[in-house]
Amino acid sequence: MSSAAYATIIYSVGAPVVAVAEPTTDLGALQFQVTDAARRLFHPGTQVSAFLAVDGGEVGIASIDYFNGIVTLTEAPAEAIELDFAYVTKAAIGGSREYSYELGGDVLDSTSFALAQANGGFRTRAYGLHDVSVSISRNDDLSQKFVDHKMAREMVYIEVTPGGSGATLKGWFLLETDSHTGDLGALEGEDLTFNLANVDAIQQGGISTIFSFS
Amino acid sequence: MSQAAYNKKIRISADDGATWYDLPATSPSLEIGGDVLDDTDLATNAGYRSRCYGLHDWSANADSNYKPVTGTPLVDAASGATALLLCRNAKLNRTGLKLRYLPTGSDEDGTGLEGDVLVESFGGSGEVGGLETVSISLQANGLLAAIPAVP
């Protein structure tokens, strides 16, 4: 069955909050998750560190799931684990009425004499760089929140669940354009376009730090 | 006699053609193009340009209704949700797909076409009063072949 768009959920976040010595829950397989569910969305621009709860010694981290507050350690710890990190809290983007996203990027022409001769004279291709963009149109509440993010050169977290259930696109983006519109007889509107943030800004981890769609 | 489009099927396979899933497309298209090279010269022209075929190329687009995947294991193949998931994952994982364009809905009457594709773009959109939709553009990665009729 198709999905009516009105059920789509779109989130953004507020400013990062520092958490120190945050308790975790052992998930097994060297994975430890922040126990407080409200603190599981890590801010990717902040270092995440793991420590033994009693001894206080630092523990090596192999990988971090920034969206679910999970660290995978390099070796099994002798004690409970506590984390230092910064987290953000989600809130619905008020006034949102339309959105779009695109998983795009480059598809490169790889045609060669050998390949074309082998396939009867057809072009062949290979994936190049991927890219992700999101656009949101909203009824403007004049809070200037997104303008503030852009002026401060901050990453913005966007989470979209099409139709309200199923797959969720989530990631950290840069606000490319913030357009304000409003005809004489209409509501004041704000059109936002986002592009995937700079991976170099991430302290640890790769692309999974700033983008997920599952 | 003309062919009503509602019978058409656009099918996707992620396992090299072993299993096929229907895309929930609303306005699919297939373009078979490529290069047609101008070989006109002063020695042989009869007052007209002449040409020869260069490389062939083709592409497909499938604007679709969005179908959420529900259940474990996947239970939404008939709705088109599985095909959408395959396209999205092919893009994210940099893998290829096989595409079948079946104008009559049949893969046995000799009218269908099949080839390997890469997902150039996979996008979604929704307006508060409308349906969730997905736009998929596919680029060829090699030959487009007719699917033989089954006697």
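Trainee: B:Asp107, buried or exposed or in between?
Mentor: In this predicted model, B:Asp107 counts as partly exposed, at 27% relative accessibility.

Trainee: And what does its side chain meet?
Mentor: The side chain of B:Asp107 forms a salt bridge with that of B:Arg100, at 3.0 Å from N to O. B:Arg100 is buried, because its relative accessible area is 14%, under the 20% cut-off.

Trainee: How accessible is A:Asp36, and how accessible is A:Arg39?
Mentor: A:Asp36 has a relative accessible area of 34%, so partly exposed. A:Arg39 is partly exposed too, at 26%.

Trainee: How many salt bridges over all chains?
Mentor: The structure holds 15.

Trainee: Switching to the interface. How many salt bridges cross between chain A and chain B?
Mentor: Two, by the rule used here. One joins the side chains of A:Arg125 and B:Asp57, with 2.4 Å from N to O. Another joins A:Arg123 and B:Asp35, with 2.7 Å from N to O.

Trainee: Where do A:Arg123 and B:Asp35 sit?
Mentor: A:Arg123 is in the loop between helix 1 (113-118) and strand 11 of chain A, while B:Asp35 belongs to strand 3 (residues 25-38) of chain B.

Trainee: Why is A:Arg123 classed as buried?
Mentor: Because its relative accessible area is 19%, and the class needs a value under 20%. B:Asp35 has 26%, so it is partly exposed.

Trainee: OK, and what about the contact as a whole, how many residues from chain A and from chain B?
Mentor: Chain A gives 38 residues and chain B gives 38 residues. The area buried between them is about 3400 Å², and carbon and sulfur atoms give 54% of that.

Trainee: Which residues in chain A lose the most area to chain B?
Mentor: A:Phe122, A:Arg125 and A:Tyr127, together 23% of what the chain A side buries. A:Arg125 is also the salt-bridge partner of B:Asp57.

Trainee: How many residue pairs are in polar contact between chain A and chain B?
Mentor: The count is 21 residue pairs, with both residues at pLDDT 80 or more.

Trainee: Which elements of chain A give two or more residues to that side?
Mentor: Strand 10 (96-109), strand 11 (125-139) and strand 15 (211-213) of chain A. Strand 10 has the largest share, with ten residues.

Trainee: And how do the residues on that side divide by type?
Mentor: There are 17 nonpolar, 16 polar and five charged on the side of chain A that touches chain B.

Trainee: What about sheets inside chain A, what order do the seven strands take?
Mentor: The order is 5-4-8-2-3-7-6, in an open sheet with antiparallel pairing. Strand 5 (58-59) and strand 6 (61-65) of chain A are the edges, each pairing on one side only.

Trainee: How many bridges join strand 2 and strand 3 of chain A?
Mentor: Four, between strand 2 (residues 17-28) and strand 3 (residues 31-34), which run antiparallel. A:Asp26 has A:Phe32 in strand 3 as its bridge partner.

Key:
Residues are numbered from 1 along each chain as its sequence is written. Chains are lettered from A and ligands numbered from 1 in the order in which they are written. This is a predicted model: local features need pLDDT of at least 70, side-chain atom pairs count only at pLDDT 80 or more; totals for chains, interfaces and linings use all residues. Side-chain values use heavy atoms; hydrogens and water are left out. Contact means heavy atoms within 4.5 Å. Buried area is the accessible area (1.4 Å probe) that two parts lose on being put together, summed over both. A salt bridge is a side-chain nitrogen of Lys or Arg within 4 Å of a carboxyl oxygen of Asp or Glu. A polar contact is a pair of N or O atoms within 3.5 Å; within protein, one must be able to donate a hydrogen and the other to accept it, and residues adjacent in sequence count only if both atoms are side-chain atoms. Ala, Val, Leu, Ile, Met, Phe, Trp, Tyr, Cys and Pro count as nonpolar, Asp, Glu, Lys and Arg as charged, and the others, Gly among them, as polar. Two strands pair if DSSP finds at least two bridges between them. Buried means under 20% relative accessible area, exposed over 50%, partly exposed in between (1.4 Å probe, protein chains only).
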